[in-house]
Amino acid sequence: MIFNLVINETLLERALSVGGLETENETVTLALEEFIDKRAKDDVISLFNTVEYDEGYDYKKFRGKR
């Protein structure tokens with residue numbers, strides 16, 4: 001897919017330098033992948049401490065019965 005985007009040149013130059021990739025396309029692709037990964041992880045982290053556990057559940061009781 002081809003797009004015409006206006007990208008901040010300073011940010012792109014910094015990303016190229018930090019990322020060590022050869023092309024702007026590779027740099028933008030990696031940046032998008034890392035952005036998606038971070039947001040997905042943030043979604044999972046936001047679920048921490050939201051699950052209520054049954055305090056009476058005895059998980060040890062069911063060990064080894066497979």
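Is Thr27 buried or exposed? Hi everyone, let's start there. Thr27 comes out as buried, because its relative accessibility is 6% and the cut-off for buried is under 20%. One thing to keep in mind is that this is a predicted model.

So where is this residue? Thr27 sits in helix 2. Leaving aside residues up to four places away in sequence, Thr27 touches Leu12, Ala15, Leu16 and Leu21.

Now let's zoom out to the whole chain. The secondary structure is two helices and zero strands. The radius of gyration is 22 Å, whereas a compact globule of 66 residues would have one near 11 Å. The accessible surface is about 7000 Å², and carbon and sulfur atoms account for 55% of that.

Side chains of opposite charge can pair when their charged atoms come close. How many salt bridges does the structure hold? One! The partners are the side chains of Lys38 and Asp42, at 2.8 Å from N to O. Both residues belong to helix 2, which covers residues 24-45, and they are four residues apart, about one turn of the helix. Lys38 counts as exposed because its relative accessible area is 51%, and the cut-off there is over 50%. Asp42 is partly exposed, at 31% relative accessibility.

Technical notes:
Residues are numbered from 1 along each chain as its sequence is written. This is a predicted model: local features need pLDDT of at least 70, side-chain atom pairs count only at pLDDT 80 or more; totals for chains, interfaces and linings use all residues. Side-chain values use heavy atoms; hydrogens and water are left out. A salt bridge is a side-chain nitrogen of Lys or Arg within 4 Å of a carboxyl oxygen of Asp or Glu. Buried means under 20% relative accessible area, exposed over 50%, partly exposed in between (1.4 Å probe, protein chains only). Contact means heavy atoms within 4.5 Å. The radius of gyration is taken over C-alpha atoms; the globule rule is 2.2 Å times the number of residues to the power 0.38. Accessible areas come from the Shrake-Rupley method with a 1.4 Å probe; for residues, only the protein chains shown count as cover.
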